[in-house]
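I opened my notebook for a new structure. I wanted to look at the ligand site and at one strand.

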Amino acid sequence: MSHLKNIEKKRYLFDLIDRLEKNKILEKNQLCELISNNENTELSEYLFNKARKTSKIYFGNKIYTRGLIEFTNYCKNDCYYCGIRRSNTKAERYRLTEDDILNCCEQGHELGFRTFVLQGGEDGFYTDEKICKILSDVKLNFPDCAITLSIGERSEQSYLAFAKAGADRFLLRHETADDEHYSMLHPDNLKLENRKNCLFTLKKLGYQVGTGFMVGSPFQSVENLADDLLFIHKLQPAMIGIGPFIPHKDTPFSDFSQGMLSLTLFLIGMLRLIIPNANIPSTTALGTIDKQGRERGILAGANVVMPNLSPVKVRKKYMLYDNKICTGEEAAECRFCLSNRIKSIGYELTVDRGDFIALDKLKA
Ligand code: SAH
């Protein structure tokens, strides 16, 4: 009897994956059911196989590469999980000059990067004018490159000015789609509603928008994760970045444990089926909790890597979490190492900009 029940249960779970692939979404309780079974290797292999096949349809065996430039670690926010939060007095703060940033881009361009991601804390020093000047100078010098901003919440007016100055894409993880959970990860002045509004505004302005969340963040439930997937389905972003939460020793969350590898991979696989042609990075955080983390992310359905282009002298200072990898190497070394890792699993790095094209436009 229990044997029969097991077979029935198995069939039900595999069927849910088929339905996720077909309908691109499921009911919340069904999403929960799948997520709760992420450690079932037969099930996850079934999912990853479908996710890889889906990636292959849109990207072949190509992996896009984005050059990440972490240009400031000053931040006015105090997110409980983040190593560069305002209250972390131990963080050694730095800002890159416009020249530093252009040098990073030049080095990156020589290495074959055609997308630069400018990421930083929410640093008021970089006024809209300063950001716009940086954007237009990067565009002027590297007109064949896409620019992605990741500098947090700003007004619609600012986002519009950035787009006009040359920003093509914007990364802003929603972090968690549940209000109560959001308030357990952030101080009172930060509101999920504002974060979500920023995302819809960015989309309206024509940005390729990226969102995402941490896996295994403190107090996160399976229901929270299902809500994250439902929110992503609703937003239909061009990019989805997820990675395990990793504690940072000088934050209020220093004693929490890190997010699970298997769960992160499983969610990457599910996200690939939810937005089949989304750009999904295999993140540095994933590579930090497992030596083969980034390779495994690709084999679970990711199609992007984001090696670091920041000057080596500041790398260790952009410590969002403990033990972050690739903080000692030069950009060229990182690129070479990643390229080899990707080749070892049968994929290839590409210099393509990798712009997102919505499915309905693809068909039209
Ligand atoms: N200030 C920008 C960039 C934030 S850093 C913004 O607000 O969007 C980029 C991402 O790193 C964050 O969105 C968060 O999801 C992730 N991050 C921060 N602290 C982390 C931690 N301790 N473990 C794992 N990921 C973390």
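Which residue stands opposite Val117 in β3? I found Leu68 there.

A note on the source: I am reading a predicted model, where local features need pLDDT of at least 70, side-chain atom pairs count only at pLDDT 80 or more, and totals for chains, interfaces and linings use all residues. Residues are numbered from 1 along each chain as its sequence is written, and side-chain values use heavy atoms, with hydrogens and water left out.

**Strand β3**

I looked up the partners of β3 next. Strand β2 (residues 67-72) pairs with β3 in the parallel sense over five bridges; two strands pair if DSSP finds at least two bridges between them. From β2 the chain crosses through helix α4 (residues 98-110) to β3.

I then checked burial, which means under 20% relative accessible area (1.4 Å probe, protein chains only). Six of the six residues of β3 (residues 115-120) are buried, so this strand is largely enclosed by the rest of the structure. Thr115, Val117 and Gln119 are buried on one side, and Phe116, Leu118 and Gly120 on the other.

**Ligand**

A polar side-chain atom of Arg173 lies 2.9 Å from a ligand oxygen. For Glu175, a side-chain N or O atom is 2.5 Å from an oxygen atom of the ligand.

How values were computed:
Polar contact = N/O pair within 3.5 Å; in protein donor to acceptor, adjacent residues only side chain to side chain. Buried < 20%, exposed > 50% of the residue type's maximum accessible area, 1.4 Å probe, protein only. Helix = DSSP H or I, 4+ residues; strand = E, 2+ residues; numbered from the N terminus. Right-handed = clockwise from strand over helix to strand, strands pointing away.
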